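Welcome! Please take a moment with the sequence and the 3D view below, and then read on for a short tour.

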Amino acid sequence: MRHALLLTALLIATNVMATGEPLLIDAGIVGNSRQCKYAGGKTFIFPVTASCPATAPEPMPEGTGRGYLKSIVMEGGNRFCVYRVGGVDKAVSVTLNENCPATRVFE
């Protein structure tokens, strides 16, 4: 019982000091991205080569910040790079002979 109380106190103290929600699980690689699930029900997408941060990234204004490539969509004669950024998906049109960068900064 004493160990359970000590563990609970430690978890509460850790959550208060942390800048973001703690990592619950590295959900693995889905497509060309890594999915990381955090307390509070949030899931963040990172590049395949990245590991999940111990705490969730601090939110930026919606749709701004570094976006990570989520998917590539071909429609007609166009190629769209779809990025996950600030909790939303953003698409960028590129020519058919261009590659989609793994990350892109949105301002």
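## A salt bridge to start with

Arg-34 has a relative accessibility of 15%, so this residue counts as buried (buried means under 20% relative accessible area, exposed over 50%, and partly exposed in between, with a 1.4 Å probe and protein chains only). Its salt-bridge partner is Asp-26, and the closest N and O atoms of the two are 3.0 Å apart. A salt bridge here is a side-chain nitrogen of Lys or Arg within 4 Å of a carboxyl oxygen of Asp or Glu. Asp-26 has a relative accessible area of 35% and is therefore partly exposed.

## How to read this model

This is a predicted model, in which local features need pLDDT of at least 70 and side-chain atom pairs count only at pLDDT 80 or more, while totals for chains, interfaces and linings use all residues. Residues are numbered from 1 along each chain as its sequence is written, and side-chain values use heavy atoms, with hydrogens and water left out.

How many salt bridges does a search of the whole structure find? There are three. Besides the pair described above, Asp-89 forms a salt bridge with Lys-70, with 2.8 Å between the closest N and O atoms. Asp-89 belongs to strand β6 and Lys-70 to strand β4, so this pair ties together parts that are 19 residues apart in sequence. Strands (E, at least two residues) and helices (H or I, at least four) are DSSP runs, numbered from the N terminus.

Asp-89 also meets the side chain of Arg-84 in a salt bridge, at 3.0 Å from N to O.

## A sheet of three strands

Now for a sheet. Three strands form an open sheet in the order β1-β2-β3, with antiparallel pairing. The strands β1 (23-30) and β3 (42-47) are at the edges with a single partner strand each, so one side of each has no neighbour in the sheet. On average, neighbouring strands of this sheet are turned by 25 degrees against each other, direction ignored. For such angles, axes are lines fitted to C-alpha atoms, for helices over the stretch in contact, and angles run from 0 to 180 degrees between N-to-C directions.

Six bridges pair β1 with β2 (residues 33-38) in the antiparallel sense; two strands pair if DSSP finds at least two bridges between them.

## Two disulfides

The structure has two disulfides, each a pair of cysteine sulfur atoms within 2.5 Å. Counting bonded cysteines along the chain, they follow the pattern 1-2, 3-4.

Cys-36 is joined to Cys-52, with 1.9 Å from S to S. This pair links distant parts of the chain, 16 residues apart: Cys-36 sits in strand β2, and Cys-52 in the loop between β3 and β4 (65-75). The torsion about their S-S bond is about -85 degrees, so this disulfide is left-handed. Both Cys-36 and Cys-52 are buried.

The sulfur atoms of Cys-81 and Cys-100 are also 1.9 Å apart in a disulfide. Cys-81 lies in strand β5 (residues 78-85), and Cys-100 lies 19 residues apart from it, in the loop between β6 (88-94) and β7 (103-106). This link is left-handed, with -80 degrees about the S-S bond. Cys-81 is buried at 0% relative accessibility, and Cys-100 is buried with a relative accessible area of 14%.
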